[in-house]
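Me: I want to know what stands behind the labels in this model. Please take the terms one at a time and set each value against its cut-off.

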Amino acid sequence: MEQVGRKKKSFGKIVLFSILIIMAIVQIFPLVWLLDFSFASSNEMFTSGLLIIPEKIKWENYVKAFVDGHFLLYLKNSLLINSLAVFFVVVISIMTAFACRRMKWKLSGTVNTILLLGMMIPIHATLLPNYKIYNAIGLTDTIWALLIPYIAFSLPVGLFLMSSFMESIPIEIEEAAVIDGCGIYRIVFTMITPLLKSSIATVAIMTFLNNWNEFMMASVYLSTPKWKTLPFSVLEFTGQYSSNYAVQFAVMALTAAPAVIVYVLLNKHITKGVAMGAVKG
Amino acid sequence: MKKKLLASLLVVAMTASMFAGCSSENKKEVTEEATEDVATEEVVAEEAATEEGVSTEPVTLKVFSNLPDRKNGQGLVEQLIIDEYMAENQNVTIEVEALDEEAYKTKFKAYAMDGMPDVVSIWGQPSFLNEVLDAGILTQLNEEDYADYGFIPGSLDGFKKDGKLYGLPRNTDVMAFFYNEKLFKDNGWELPKTYEELLALAPVITDAGFVPVAMDGGDGWPMAIYLTDLMIRINGNSKDIISNAVATGDFSDPVFTKATDLLVQTADANLFQTGYDTQDYGTAMNLFTNGQAAMFYMGAWESSMALNKDIPEEVRTNIRAFTMPALADGVGKQTDIAAWNGGGYAVSEASEVKEEAIKFLNYMYQPDKLSKYGWENGVGMSAQDQSPYMTGNETELQNVFTDIVNTATSVSGTPLNDCGLSSFKAVIESEIQSVSNGTETTEEFLSALEASCK
Amino acid sequence: MKKLYSNKLIIFSLVLPGILVFIFAILAPICLSTYYGFTDYSGMGKATFVGMENYKTLISDEGFWMSMKNSLLLAVGFIVIQHPLAIMVAAILDKLQGKAEGFFRCVYFIPNVISVAIIAYLWKFIYNPDFGLFNNFLKALGFEGKINWLGAEFAIWSVLIVLIWHGFGWGMLIYYTGIKNIDPVLYEAASIDGANASVTFFRITLPLMKPVIQVNITMAIISALKQMETVYLLTNGGPGNRTQFAANYLYQQAFKAFKYGYGNAIGVIFIIICLVVTIFLNRAFQTKEI
């Protein structure tokens, strides 16, 4: 009887695994497709077949993308702005989540809700008003023109994630710290923060990815190339009358590369739950 | 609490303006194609080889372009002229901001609020210009200054309001059927001399395994121009009928119904590729450049296809064009072409360097600049007389279009979709997809148009 | 401890940055936007006050209602199709452990890392009537295979498929982090009590995930309304208005049709709907808890 049970179990496992693998293929397909066509020439793209073996591997596509797409400058800007945005979102959301969830004051719930409302705002409705405001203060064409809205729009979700993970941290840790004479700031940054590692990783990923490919605000708030971000190189390659799709794909692949790398690196940290670290510590 | 809030806001604002100050000093690094060292701005330029009254103080001109590709086609032409101007006027630095059309229009609105660049790209059509001129964004130009610039008669009309000139046209756009001559010859197909013959070709071409006409139906405007083309074939020149209809919101004139019905009939006859109504410009064009489609309905600006090395040679060297054939019982002839002057340039009213900006504008339009370079780079035809620049090395395609324009018996002017407000444009470009593929009746289509004009 | 935790100055300093950013980058523009919603501002020139005109027009605007209907369809699709799948996969991955878990978790999210533009291009390709994957597949099975996937009859379903597929990664990620937060001690206790996988899932995992589920569903509805880039690139709301979604429609009206005031009115309605939905879901989830 046991033998049969075990066979059923492993058969089930095989089926499960096959499904998971098929899903994995479907999910990774877009990336493969992108790479495949980025090495082809434009004309081969609209023939039949989902994936093609290009007649000639056109490395020129990438050279064009790199040079004409001002890759290095835009990459530097994108990295700078996005890293700063992630940093600020993480720090601000931890501070705010702690204040709203742990500290005792009347307005804590209200403030929390209001800040979370930021999730409901359609970004396009704020494009022109924000432009007007930034222009009036002289922020257009500066790093702040992108940094502030990027932080503002990623904050609600970051706040939410931090709040809910903070809930599962036992209050005992803080009680012990207070008895030891610790101030709030020390508690927040030296004790609570390390326990939030997995949510920090999640918030970092979400913020980074939300803003890495963003181009609407970038094109309206920036004018000169000084702070232009990677999506601009994609934008600059698509003209209404431009038909070199393969180079566009190369540009998009170059743009996607850093995001994929960041994701793979951060991905490892979404492993342990908060509770494990807290209780044992 | 409130005081603290105010104080913090002030701090933010002050920090922000500090940064704003920093970044403007760094703008010198920013000019994409600037060949000058900024130091020369301070040096009084002696060899400024330009006209009278030239100021030798450093001047920065901001140019806002809708051509992001600065290495090919029209964008290249623009950039060449900008570089030349800066070389000849050492005290002038030209900063170019180029965005593709959609992003351009959005940014244009932002700039309209504040900070409009000095020289901007515009479209001389009511759907764009009406609201822009109402808001007083462009500066008036002196029409007499341009008497010797060789502008084709009538090309300035779309850029005027109440008789005053606000911009200059750059291109003469002609809509035609590009066709693959080799494909026709190899398969023994005859060039259609009437519209009926064109429709009759559809099943023949399809049976041979090709697409008859590649149509960009995903964007509504090519079909709207097609509709205008048909109206001209049915009725002859329709400029007044169109402007009246749009102004009064009354599309009851029979020509509208007939033309729409004919369009529906055409789509039903499978003249266009399957799925044309959602396929975009690039996809449709690729069908043609890949040799899968026999024809492609598009504008003369694509005549640079003949020079595009990415297109296989056997297609590229065999591209020719013909305009909409006449209807057997229609009034319009094949030489009553769908042509208009769309893209152009203007100077902003808010510009602080208006004189220099207008000077640059005029420089661009010197007959041996935009027109000559445009012709040499195969970007279609300009709004100015280009005959002095025929090099004899033109592609066949360029010659074909020159002929079409030279032998035209009438010119349509702005096509239907751009004749009204932009809300009208948005509606017709979306509704025309539905009516052509049969999900909407002609009556419903026309009532939607009427409603949007009110 | 209570004294320390109610120290007004410290509380203020903690929340100030968040509030500042919010006021500056979200509240202020939304107030301006609401103001514009009461005008006939075209995006340039003057803005004349027109009161409730825009809202009256909205009521009879077919495109608007279509976009609302489509967003609703999408929200339902998210909640009924995407989320259960995401939770199950998250739970399965959690159980897998080891390298397999890391691998799948990484790969499943990849479509969300690359730009939406690529996704849109890919699907347009797949849906192409002449050489797209779907029609080729149909042809292989012996059918004629000339379905126009993005044409009038099928467009909305084709778009829904893309959107539901695309959102899977995010949903899975959030549920996954939620599951990871469940104290493994509880699982140990359950298995000691003899519970098998599915009992554990339904009796322990799901209830503990309630807050995460609630927020994810709220976000699903909001995101169904917010869909813009993908739709814009795939069909731009067409043919006609068949695949129109709220945020895309807002963009079209505000920026293409020079009806900026009108577009903003749509934005205001958008926010109101989100608010109502959030409050409603809040109540719904609260009553279930004992």
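Reply: Start with contact. Two residues are in contact if their C-beta atoms, placed from the backbone, lie within 7 Å. The model is predicted.

Me: Which residues are in contact with B:Ala214, leaving aside its neighbours within four places in sequence?

Reply: B:Gln273, B:Ala284, B:Met285, B:Leu287, B:Phe288, B:Ala293, B:Met295 and B:Phe296. Each of these pairs with B:Ala214 therefore meets the 7 Å cut-off between C-beta atoms.

Me: What makes B:Ala214 a member of a nonpolar core?

Reply: Membership takes a buried residue of a listed type, Ala included, joined to others through C-beta atoms within 7 Å. B:Ala214 belongs to the largest nonpolar core, so it meets these conditions. That core holds 288 residues, and B:Ala214 and B:Phe296 touch the most other members. Helix H6 (residues 143–167) of chain A gives the most to this core, with 17 residues.

Me: Why is C:Lys124 called buried?

Reply: The cut-off is 20 or more other C-beta atoms within 10 Å. C:Lys124 has 23, so it counts as buried. C:Lys124 is found in helix H6 (residues 116–127) of chain C.

Me: How far apart are C:Lys124 and C:Leu234 in sequence and in space?

Reply: They are 110 residues apart in sequence. From C-alpha to C-alpha, the distance is 6.5 Å.

Me: How do you know how much to trust chain A, and where is pLDDT lowest among its elements?

Reply: pLDDT is the predictor's confidence in each residue, from 0 to 100. Chain A averages 80, and 86% of its residues score at least 70. Among its elements, helix H13 (residues 274–280) of chain A has the lowest mean, 36. Helix H3 (residues 71–101) of chain A has the highest, 90. Over residues 273–281 of chain A, pLDDT stays under 50. The model has 22 contacts beyond four places in sequence for that stretch. Where pLDDT is low, the predicted coordinates should not be read in detail.

Me: What are the figures for chain C, and what does the model score overall?

Reply: Chain C has a mean pLDDT of 83, with 98% of its residues at 70 or more. The model scores ipTM 0.80 and pTM 0.80.

Me: What secondary structure does chain A have?

Reply: Chain A has 13 helices and zero strands. Of its 281 residues, 52% count as buried. Among its contacts between residues at least 6 apart in sequence, 78% join residues at least 24 apart.

Me: What makes up the contact between chain C and chain A?

Reply: It takes 67 residues from chain C and 68 residues from chain A. Helix H2 (residues 8–36) of chain C gives the largest share of the chain C side, 16 residues. That side divides into 51 nonpolar, eleven polar and five charged residues.

Me: How many residues meet between chain C and chain B?

Reply: 25 residues of chain C are in contact with 27 residues of chain B. H13(C) gives the most to the chain C side, with three residues. This side divides into ten nonpolar, eleven polar and four charged residues.

Me: How is chain B divided into domains?

Reply: Domain 1 is 54–170 + 341–389, and domain 2 is 174–339 + 403–453. Their C-alpha centres lie 29 Å apart. The contact takes twelve residues from domain 1 of chain B and 15 residues from domain 2 of chain B.

Methods
Residues are numbered from 1 along each chain as its sequence is written. Chains are lettered from A and ligands numbered from 1 in the order in which they are written. This is a predicted model: local features need pLDDT of at least 70, side-chain atom pairs count only at pLDDT 80 or more; totals for chains, interfaces and linings use all residues. Helices (H or I, at least four residues) and strands (E, at least two) are DSSP runs, numbered from the N terminus. Ala, Val, Leu, Ile, Met, Phe, Trp, Tyr, Cys and Pro count as nonpolar, Asp, Glu, Lys and Arg as charged, and the others, Gly among them, as polar. A residue is buried if 20 or more other C-beta atoms lie within 10 Å of its own, exposed if 12 or fewer, and partly exposed in between; C-beta atoms are placed from the backbone. Domain bounds come from an automatic or database domain assignment.
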